[in-house]
Amino acid sequence: MRLDPLQKVETRLVLLHHPGILMNPLQPRPLIDAGQVVIVLHHPAVDRAGTVQFDLVCVVRNAVAAFGRPVLLAPVSAVVRESLPQRLPHGCGLMEEDWDNLIDLDCWLPRPPRPVGLPIRIGRHSRPHIQKWPDRLGDAQAAYPTDGKRYENRMLGGGSFLHDHYGEVPANWTLLPFRQDDVAGFLRELDFYVYHHSDAWSEAFGRCILEALAVGLVTILPASFAPIFGDGALYGTPQEVKPIIERHIADPRLYADQSERARLQAFGLAPMHQCVFLPVGDPDFACAGGSDGGAEAIPVRMIGNHQR
């Protein structure tokens, strides 16, 4: 539902997705009387190269000015949480739990149980952005092996920018244009999912990874994702990818167990205890980071639908 910006609205909760929308003052000022204002942080404040991605002081100031009350920050992962300053700007508090992306597992059927044959099908999908790929050709060739008789690599979201960046693309890399439709079908045709990116890139959560786990793919990632996905994925450098794959090919039980762990680790909708309930009604809640227990609790978690 779209609202007339000049219409006065009363609501118990306002969710502001992504800090980028608050880098400038909201004009005209929203005529919204909100019991609680939450900014969902879908991006780290500072990336792994130390580059500031958004001005948190500015974001909070503009949100407080727009809605006339303190705000609560909701990082989508430990990566985003750790990028925040120890001393938060005036006028905001920090949610104790991460705002994990959720996925409807009923829409992501598991990979059919089938033996892994040759060539072994490795895949990945992401927006076509060079920072979502390894910086060096050698690392890319290690993560996505070039032996065409044994490995086939399918990349949804690859393109000419990879030729520009690496100078060459191995013959067993199949580059497919990024699309939003039937990603689940693409993933179910794979045997392994491998996602390695630039040294400077900080993946706030990894929606693409969540989708791979949801279909039960054995997934191999950089160690930086371990706090988010736990034992649902496997972790290693690009040079460790092939040994991990070969170990799981040699032991079908090991492969099946990891595939099951992947799907169990996916942040599904079914376990209602994963929902977050925010107390509202206490005007000091957002700054204090807690409640006196007398405030009304309302469910606010929603299915994630964010950029991969």
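At 0% relative accessibility, Y144 counts as buried, a term that here means under 20% relative accessible area, with exposed standing for over 50% and partly exposed for values in between (1.4 Å probe, protein chains only). The structure is a predicted model, in which local features need pLDDT of at least 70 and side-chain atom pairs count only at pLDDT 80 or more, while totals for chains, interfaces and linings use all residues. Residues are numbered from 1 along each chain as its sequence is written, and side-chain values use heavy atoms, with hydrogens and water left out.

The structure holds eight aromatic pairs, a pair being two rings of Phe, Tyr or Trp (its six-membered ring) whose centres lie within 6.5 Å, with planes under 30 degrees apart classed as stacked, over 60 as edge-to-face and the rest as tilted. One of these is the edge-to-face pair of Y144 and W173, at 6.0 Å centre to centre and 85 degrees between the planes. This pair links distant parts of the chain, 29 residues apart, since Y144 belongs to the loop between α3 (137-143) and β8 (151-156) and W173 to strand β9 (residues 173-176); helices (H or I, at least four residues) and strands (E, at least two) are DSSP runs, numbered from the N terminus. Like Y144, W173 is buried, with a relative accessible area of 6%. In a second pair, the rings of Y195 and F225 have centres 6.2 Å apart and planes at 65 degrees, so this pair too is edge-to-face. Because Y195 lies in the loop between β10 (192-194) and α6 (207-214) and F225 in the loop between β11 (218-221) and α7 (226-229), the pair ties together parts that are 30 residues apart in sequence. Both Y195 and F225 are buried.

Y144 and W173 also belong, together with W133 and Y166, to one aromatic cluster. The charged end of R124 sits over the ring of W133, 3.7 Å from the ring centre, where the criterion is that NZ of Lys or CZ of Arg be within 6 Å of the ring centre and within 35 degrees of the ring normal.

Strands of a sheet pair through backbone hydrogen bonds, either parallel or antiparallel. Here six strands form an open sheet in the order β9-β8-β7-β10-β11-β12, and the pairing is parallel, two strands being taken to pair if DSSP finds at least two bridges between them. The edges are held by β9 and β12 (234-235), each of which has a single partner strand, so one side of each is left without a neighbour in the sheet. Six bridges join strand β7 (residues 120-125) to β8, and I120 stands opposite Y151 in β8. Five of the six residues of β8 are buried, so this strand is largely enclosed by the rest of the structure. In the loop that runs between β8 and α4 (160-166), G157 is likewise buried, with a relative accessible area of 0%; G157 and P177, although 20 residues apart in sequence, are 4.9 Å apart in space, C-alpha to C-alpha.

F192, which lies in strand β10, is buried at a relative accessible area of 0%, and its C-alpha is 9.1 Å from that of A212, 20 residues apart in sequence. Strands β11 and β12 pair, again in the parallel sense, over two bridges; I220 stands opposite L234 in β12, and the partner of L221 is Y235. In a regular strand the side chains alternate between the two faces of the sheet. In β11, V218 and I220 point one way and T219 and L221 the other way, and all are buried.

Rolling a probe the size of a water molecule over the atoms shows where empty space is left. About 440 Å³ of space lies in the largest pocket. A pocket is defined on a 1 Å grid over the protein atoms alone as an open set of points where a 1.4 Å probe fits, with protein on both sides within 12 Å along at least five of seven lines, and lining residues have an atom within 4 Å of a point; grid points are joined across faces, edges and corners, and the volume is the space filled by probe spheres set on the points. The lining comprises 18 residues, of which L3, V14, P30, I32 and F67 lie nearest the centre of the pocket. The elements giving two or more residues to this lining are β1 (9-11) and β2 (14-17), and the largest share, three residues, comes from β2. The lining divides into 14 nonpolar, two polar and two charged residues, with Ala, Val, Leu, Ile, Met, Phe, Trp, Tyr, Cys and Pro counted as nonpolar, Asp, Glu, Lys and Arg as charged, and the others, Gly among them, as polar.
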